[in-house]
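I opened my notebook for a first look at this structure. Here is what I looked up, entry by entry.

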Amino acid sequence: MSAEDIRGLKTPNGEEAVERCPVCGRLNSPGACDTCEHFYGSAWDGDLIWNDFFETEMGKPWDALVEFIRELSEAKDKGGIEKAKLLAKKLSIPAKWLKLARREVGAFSAMKELVKFQVGLRVVTDGMLSGEGYSLYLEDPGVVENLGKNFTRLVNKLKPRRRGTR
Ligand SMILES: [Zn+2]
């Protein structure tokens with residue numbers, strides 16, 4: 001991003017602008033919850049902040065997928081892994097998913113590998129609240145939710161039913 005000086009500029013809602021959306025150019029203020037729909041949250045010291053729906057739409061589906069793959073690996077179920085690979089391909093899940101699931105990386109790290117984000121201003125602070133972070137922006141705001149739904153589809157479709165008929 002070019003080092004445009006936006007100090008003193010306001011968002012359309014009158015908040016102090018912190019950065020400009022790399023997708024649509026709107027002046028945003030994530031800390032004041034005043035952003036466009038492309039804003040997905042901020043990465044802060046490796047964690048995701050300012051996002052209330054990540055856990056539901058990505059965190060839980062990813063954890064379930066990791067657990068499913070672990071079960072298949074422990075059972076040495078190569079056929080199951082192959083089925084999962086094929087179905088993932090059909091669902092257009094980026095191929096890297098299996099490696100990430102096998103390494104049991106956290107949902108946020110997996111998402112950063114599997115989804116292409118545009119990155120906003122990088123912020124570094126000193127002192128008591130020192131840290132480093134940057135905002136994450138998505139050109140298509142629905143892409144993470146979709147990915148999570150596809151993880152759920154994959155697990156539901158392939159996981160053996162524990163109750164009822166099989
Ligand atoms: Zn935007």
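I take axes as lines fitted to C-alpha atoms, for helices over the stretch in contact, with angles from 0 to 180 degrees between N-to-C directions. I am working with a predicted model.

Entry on a helix pair. I looked up helix 2, residues 78–90, and helix 5, residues 143–158. Their axes come within 10 Å and cross at roughly 140 degrees. I therefore note helix 2 as oblique to helix 5. Angles over 145 degrees would count as roughly antiparallel. I also note that the crossing of helix 2 past helix 5 is right-handed.

Which residues make the contact? From helix 2, I list Gly80, Lys83, Ala84, Leu87 and Ala88. From helix 5, I list Leu154, Lys157 and Leu158.

Entry on Cys33. I found Cys33 in the loop between strand 2 (27–28) and strand 3 (39–44). Its phi is positive, about 55 degrees, although Cys33 is not a glycine. Is Cys33 buried or exposed? I counted 12 C-beta neighbours inside 10 Å, so Cys33 counts as exposed. The cut-off for exposed is 12 or fewer.

Entry on Lys76. I found Lys76 in the loop between helix 1 (54–74) and helix 2. Lys76 is another residue other than glycine with a positive phi, near 50 degrees. Why does Lys76 count as exposed? I get 9 C-beta neighbours inside 10 Å for Lys76, and it counts as exposed because of that number.

Key: Residues numbered from 1 in each chain as written. Predicted model: local features only at pLDDT ≥ 70, side-chain atom pairs only at ≥ 80, totals over all residues. Helix = DSSP H or I, 4+ residues; strand = E, 2+ residues; numbered from the N terminus. Parallel < 35°, antiparallel > 145°, perpendicular 65-115°, else oblique. Left-handed = near helix turned anticlockwise from the far one by under 90°. Contact = placed C-beta atoms within 7 Å. Buried ≥ 20, exposed ≤ 12 C-beta atoms within 10 Å, placed from the backbone.
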